[in-house]
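Good morning, and thank you for coming. Please look at the structure on the screen while I speak about charged pairs.

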Amino acid sequence: MTASGASGHDADTALISLRGAALSYGERVVWQDLDLDVRPGEFLAVLGPNGAGKTSFVRALLGQRQLSAGTLTVLGRPPGHGSRHIGYVPQQATLSAQALLRARDLVRFGIDGHGFGPRLRTGAVRRRVDEILSSVGASAYADVPVGLLSGGERQRVRIGQALATDPRILLCDEPLLSLDLHHQRAVTELVDARRRSHGTAVVFVTHEINPVLGLVDRVLYLARGGHRVGTPDEVLTSEALSRLYGTQVDVVRVRDRVVVVGAPDEAPRPSHHPQLPRGVRP
């Protein structure tokens, strides 16, 4: 499924590489001994319960969080702030001061909001902004304040902002939160179209695998005390997740959807992630 050939970059060259990587907060180890390469055009889904370190993983890739051990390179170098080759779609909650900006302002910030490099002339920037808004289906509300947009409309604009500098890596941190199925499908299709047409590597943090299950090449499943990397068929199994959590977990596939249910001594209920034994927090 990997679409690396569209990028013109060597498919064997990892855009993201971790070796023996670990991340800790004080004495608490979030994840450790992580070896991972992400290549051009690959769609990597990052799964796991709250507190497993999914967002911390993205922050490490952005250079906002230092590893406790091991090595990490992004585009062949240590991660750092402000790389124009990395697009970032944050969680929905981070709106705040951007609420009064128009959709086109937010996309423009993705183009010339960096503190380095020559700034494009106003006409060139305007044309580029219009092209991006059109590509993500947001032209109709280009001049509407972001705070007045629906969740799905806002995510389209944020994807446009993330794609503004033609990134080689796209980091998406829970981009489907609070979206209905229609908008989930629209967002995932935009992301998938980008990686297929440009060979952009996608790191997609999500609580719900089903909206992207048909697009995913590999899964990084983080759980307290361990992790598992592999294809969805290798990771999303009862055996693999039971071993990862250290308790019985059942994975059921129903009409091309994955349902994960908790240990059998609890009331079985469908969930996106396993229910751990009482008293144990993820």
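How many salt bridges does a search of the whole structure find? The search finds 14 salt bridges, where a salt bridge is a side-chain nitrogen of Lys or Arg within 4 Å of a carboxyl oxygen of Asp or Glu. As background, side chains of opposite charge can pair when their charged atoms come close.

Before the examples, a word on the source. This is a predicted model, in which local features need pLDDT of at least 70 and side-chain atom pairs count only at pLDDT 80 or more, while totals for chains, interfaces and linings use all residues. Residues are numbered from 1 along each chain as its sequence is written, and side-chain values use heavy atoms, with hydrogens and water left out.

Let us begin with Asp-37 and Arg-19, whose side chains meet in a salt bridge at 2.8 Å, N to O. This pair links distant parts of the chain: Asp-37 belongs to strand E2 (residues 28-38) and Arg-19 to strand E1 (residues 16-25), 18 residues apart. Helices (H or I, at least four residues) and strands (E, at least two) are DSSP runs, numbered from the N terminus. Asp-37 is buried at 16% relative accessibility, whereas Arg-19 is partly exposed at 40%. Here buried means under 20% relative accessible area, exposed means over 50%, and partly exposed lies in between, with a 1.4 Å probe and protein chains only.

Next, Arg-195 forms a salt bridge with Asp-217, their closest N and O atoms being 3.0 Å apart. Arg-195 lies in helix H5 and Asp-217 in the loop between strand E7 (201-205) and strand E8 (218-223), so the pair ties together parts 22 residues apart in sequence.

Leaving aside neighbours within four places in sequence, Gln-184 is in contact (heavy atoms within 4.5 Å) with Leu-176, Leu-179 and Pro-211.

A further salt bridge joins Arg-253 and Asp-233, with closest N and O atoms 3.1 Å apart. Arg-253 is in strand E10 (residues 250-254) and Asp-233 in helix H6 (residues 232-235), so parts 20 residues apart in sequence are tied together. Arg-253 is partly exposed at 42%, and Asp-233 is exposed at 57%.

Finally, a network of salt bridges links Arg-102, Arg-104, Asp-105, Asp-130 and Asp-143. Thank you for your attention.
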